[in-house]
Amino acid sequence: MIYDEIKRANIIAIKEKDIVARSIYSVLLNKFMLENIKKREQHLELTDVDAVQILQKTIKELSDELENYKKVNNNEEVNNISKQVEIVNKYLPKMMDREEIRNIILQLDDKSIPNVMKHFKTNYAGKCDMRLVQEVLKNI
């Protein structure tokens, strides 16, 4: 599970005294713990799909932060955040490309928008960009 991999990587970052990696792993672990608490209240477990969503949201937040540091020419923070984005990207699954999405859609019996979107959300959550799925579907 992604959560366990990040916990192990955090321990390695602590031992190697890698402050930049340690800081992003701490942020991720805290977000995982908060999500895990929410899931337990609903009698559910934290899944890799949840972890991927957290990682994607974190990358978006880091990208916004990166842009702000670029605007004020803080190169040290730009380098740190770039490294953090690189670290988080290592844990994201490979995203599906247009052709893979197209092939899956063509194999479906019902190609209506609600059915296709539900199929991808259920079976490929975190592995594809839903906007790209919608775009490919419109072009079929």
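**Close-up views of helix packing in a predicted model**

**View 1. Helix H2 against helix H4.** H2 passes H4 in a right-handed crossing. The model shown here and in the other views is predicted. H2 covers residues 19-41 and H4 covers residues 75-89; their axes are 9 Å apart, and the two helices pack at an angle of about 55 degrees. That angle makes H2 oblique to H4. On the H2 side, the residues that meet H4 are Val-20, Ala-21, Ser-23, Ile-24, Tyr-25 and Leu-28. On the H4 side, their partners are Asn-80, Lys-83, Gln-84, Ile-87 and Val-88. Sorted by class, this contact has 7 nonpolar, 3 polar and 1 charged residues.

**View 2. Helix H2 against helix H3.** H3 runs over residues 48-71, and its axis comes within 10 Å of the axis of H2, with a crossing of roughly 135 degrees. H2 and H3 are therefore oblique to each other. The crossing of H2 past H3 is right-handed. H2 contributes Ile-24, Leu-28, Lys-31, Phe-32, Glu-35 and Lys-39 to the contact. H3 contributes Asp-50, Ala-51, Ile-54, Leu-55, Thr-58, Glu-61 and Leu-62. By class, there are 7 nonpolar, 1 polar and 5 charged residues in the contact of H2 with H3.

**View 3. Helix H2 and its buried residues.** H2 has 23 residues, and from its first C-alpha to its last it reaches 33 Å, close to the 33 Å expected at 1.5 Å a residue. Its buried residues are Val-20, Ala-21, Ile-24, Tyr-25, Leu-28, Leu-29, Phe-32, Asn-36 and Lys-39. What covers these residues includes H1, H3 and H4. Ile-24 and Leu-28 are buried; both belong to the contact with H4 and also to the contact with H3.

**View 4. Helix H3 and its buried residues.** The 24 residues of H3 reach 35 Å between the first and last C-alpha, close to the 34 Å expected at 1.5 Å a residue. Buried in H3 are Asp-50, Ala-51, Val-52, Ile-54, Leu-55, Thr-58, Ile-59, Leu-62 and Leu-66. These buried residues pack against helix H1 (2-15), H2 and H4. Among them, Asp-50 is buried and takes part in the contact with H2.

**View 5. Helix H4 and its buried residues.** H4 has 15 residues, which should span 21 Å at 1.5 Å a residue; the C-alpha atoms at its ends are 21 Å apart, which agrees. Val-78, Ile-81, Gln-84, Val-85, Ile-87 and Val-88 are the residues listed as buried in H4. The buried residues of H4 pack against H2 and H3. Gln-84, Ile-87 and Val-88 are buried, and these residues meet H2.

View 6. Lys-17 sits in the loop between H1 and H2. Its phi is near 55 degrees, a positive value in a residue other than glycine. With a relative accessible area of 71%, Lys-17 is exposed. Asn-73 is in the loop between H3 and H4, just after H3. Phi of Asn-73 is near 55 degrees, again a positive value in a residue other than glycine. Asn-73 counts as exposed, at 62% relative accessibility.

**View 7. Ile-12 in helix H1.** Helix H1 contains Ile-12. At 45% relative accessibility, this residue counts as partly exposed. Ile-12 and Ala-125 are separated by 113 residues in sequence and, from C-alpha to C-alpha, by 29 Å in space.

**View 8. Helix H5 against helix H7.** H5 covers residues 98-107 and H7 covers residues 130-138; their axes come within 10 Å and cross at roughly 60 degrees. That makes H5 oblique to H7. H5 passes H7 in a right-handed crossing. From H5, the contact takes in Arg-98, Ile-101, Arg-102 and Ile-105. From H7, the contact takes in Leu-132, Val-133, Glu-135, Val-136 and Leu-137. By class, the contact of H5 with H7 has 6 nonpolar, no polar and 3 charged residues.

Conventions: Residues are numbered from 1 along each chain as its sequence is written. This is a predicted model: local features need pLDDT of at least 70, side-chain atom pairs count only at pLDDT 80 or more; totals for chains, interfaces and linings use all residues. Side-chain values use heavy atoms; hydrogens and water are left out. Axes are lines fitted to C-alpha atoms, for helices over the stretch in contact, and angles run from 0 to 180 degrees between N-to-C directions. Helices (H or I, at least four residues) and strands (E, at least two) are DSSP runs, numbered from the N terminus. Angles under 35 degrees count as roughly parallel, over 145 as roughly antiparallel, 65 to 115 as roughly perpendicular and the rest as oblique. A crossing is left-handed if the near helix is turned anticlockwise from the far one by less than a right angle, and right-handed if clockwise. Contact means heavy atoms within 4.5 Å. Ala, Val, Leu, Ile, Met, Phe, Trp, Tyr, Cys and Pro count as nonpolar, Asp, Glu, Lys and Arg as charged, and the others, Gly among them, as polar. The expected span of a helix is 1.5 Å times one less than its number of residues. Buried means under 20% relative accessible area, exposed over 50%, partly exposed in between (1.4 Å probe, protein chains only).
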